[in-house]
Amino acid sequence: MKRRIFIPAFFILLFCGMPAHAADIPKAQASIVQIRAVIPTDARTAGALGQNRTGNGVVIDPKGYILTIGYLILEAESIEVILPDGQSAVATDVGYDHATGFGIVKIERTMGLVPIELGKSAEVKEGDPVLLVGYGGAEAIRPASVVTRSEFTGYWEYLLEEAFYVSPPHPEFAGAAMLNAEGRLMGIGSIYTRLVIPRYGAVPCNMFVPIDLLKPILNDLISKGRTAAPPKPWLGVNAEESHGRVFISRVHGDGPAQKAGLREQDIVLTVNGVPVTGLADFYRKVWALGEAGVQVPLTLLQGNDIKEVNVRSSDRHQYLRIRPTLKAPTTIMEKAI
C-alpha cells in the first residue's frame, strides 16, 4: 500500500497543540488506568516481553471492562489495575485477540469508574489533531497529530490493513488512549516506531490500533476470551524485510517452523510456489492457504542451499501458556503506594 503523508498539520501541531474545543482532560483521565502484569518464568513471551509489564488501560464499560494492548497481559498470572484515584484492584484476564492486538481485563468494583465513549476511527483523517492520554497527571497528556493512516506490518506475524501513525510519540504508549477533539476513543497505543518522510527524515511516532477494529469482536472477547473467527495459520517465526527480501530473524522454540527445520537468517523465496515480494505479502500468502493447521509449503534460501519445506501451521493461541488469573475482588484494595 502506498503511504500518503500529511506534513503541514503535523508540524503546525508541534507548536500549537490541540484546538480550543479539545477534549475535557479531567474527564478523559478519569477513564484511564494503569495496568501491571506479572508473567511466570515459563511463559512463551517471558523472554521477549519481560515478566513485569506496565502500561495503560481504558475503561470502556460501567461493568468494569478495561481495554488495553494485549501484549501487556499476555500469559499473565496476575494483573493489578491502578485506578485514577490511586487505589488498586486485582483484575481478571478476559480476552486477547492476536489479529488486532487488543486485550480486555475486568475488575469487579466499578464505583467511581467513568467509561469512555468509543468514537468512529474511520472518521479520523491524516493531519487531524489528537490527544494521547496515559495514566498519571498532566505529564501523561500529550497533544499530537495523525501523520498518516496506512498499513502496519509487525515482525511477529502481525498485519493491520490500516493503522494510525501519530507524532510526537507518547513516552508511555502501551495501552494509551488516542482521543479526538470531542474526547472519544479513536485508538489504543501499541508501539514506538519511525516514519521516513522525504525532505524531513525519520519522524518518531507511535502506532495506534483503530478502535473500529474492536467493535465487531468485543462481545466474543468478553464471552469467549477470543474471537469466533477461524484462527489464521501461525508459523512460529519472527520475520523481517530488507530490500524486498523476507528473512527469518527468530524461530520460536517448539513451534511449527522449528519442527519443520527453519533457521534464523533463512530467506523466504516462495509460499506454495509463488514468489514472496515483501513481509506483508508473505503473511497474506500464508493466511490465504486456509485455517490454522494447514500445511504451508515454503521455498527457502538456507545458507547457500535452496530448500523446500512444509510447515504444519498451528493456532498461536494454543501455543501460548494462557492460564486463569486471580479472581477480581469485590472491594477495592488499599491505596497504591
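Me: Which residue in β6 does T92 stand opposite?
Reply: T92 stands opposite K106 in β6. Keep in mind that this is a predicted model.

Me: How do β5 and β6 pair, parallel or antiparallel?
Reply: Antiparallel, over four bridges. Strand β6 covers residues 102-106.

Me: What holds paired strands together in general?
Reply: Strands of a sheet pair through backbone hydrogen bonds.

Me: How many residues sit between the strands in the hairpin of β5 and β6?
Reply: Five residues lie between them. In that hairpin, G101 has a positive phi near 100°.

Me: Which residues in β5 are the bridge partners of I79 and E80?
Reply: I79 has A91 as its partner. For E80, the partner is V90.

Me: What about the turn between β4 and β5?
Reply: The two strands form a hairpin with five residues between them. G86 sits in the turn, with a positive phi of about 95°.

Me: Is β5 mostly covered or mostly exposed?
Reply: Mostly covered. The strand runs over residues 88-96, and eight of its nine residues are buried.

Me: Zooming out, what do the six strands close into?
Reply: They close into a barrel, and the pairing is antiparallel. The order is β1-β2-β3-β6-β5-β4. Neighbouring strands of this sheet are turned by 40° against each other on average, direction ignored.

Me: New topic. Which residue other than a glycine has a positive phi of about 60°?
Reply: E157 does. Most residues other than glycine have a negative phi. E157 lies in the loop between β8 and β9.

Me: Why does E157 count as buried?
Reply: Because its relative accessibility is 5%, and the cut-off for buried is under 20%.

Me: And H243, is it buried or exposed?
Reply: Exposed, with a relative accessible area of 82%. H243 also has a positive phi, about 55°, and is not a glycine. Look for H243 in the loop between β13 and β14.

Me: Which two residues does a cis peptide bond join?
Reply: S167 and P168, with omega about -5°. Most peptide bonds are trans. P168 is in the loop between β9 and β10.

Me: Where is E126?
Reply: In the loop between β6 and β7. E126 is buried, with a relative accessible area of 14%.

Me: What does the side chain of E126 make a polar contact with?
Reply: The side chain of T148, at 2.9 Å. A polar atom of the E126 side chain also lies 3.4 Å from the backbone nitrogen of R149.

Me: Last one, S31. Where is it found?
Reply: In the loop between α2 and β1. S31 is buried, with a relative accessible area of 2%.

Me: Which residues is S31 in contact with, leaving aside its neighbours within four places in sequence?
Reply: G57, V58, V59, V114, P115 and I116. The side chain of S31 reaches the backbone oxygen of V114 at 2.5 Å.

Me: How many residues apart along the chain are S31 and I66?
Reply: They are 35 residues apart along the chain. Their C-alpha atoms are separated by 9.2 Å.

Definitions and conventions
Residues are numbered from 1 along each chain as its sequence is written. This is a predicted model: local features need pLDDT of at least 70, side-chain atom pairs count only at pLDDT 80 or more; totals for chains, interfaces and linings use all residues. Side-chain values use heavy atoms; hydrogens and water are left out. Buried means under 20% relative accessible area, exposed over 50%, partly exposed in between (1.4 Å probe, protein chains only). Two strands pair if DSSP finds at least two bridges between them. Axes are lines fitted to C-alpha atoms, for helices over the stretch in contact, and angles run from 0 to 180 degrees between N-to-C directions. A polar contact is a pair of N or O atoms within 3.5 Å; within protein, one must be able to donate a hydrogen and the other to accept it, and residues adjacent in sequence count only if both atoms are side-chain atoms. Contact means heavy atoms within 4.5 Å.
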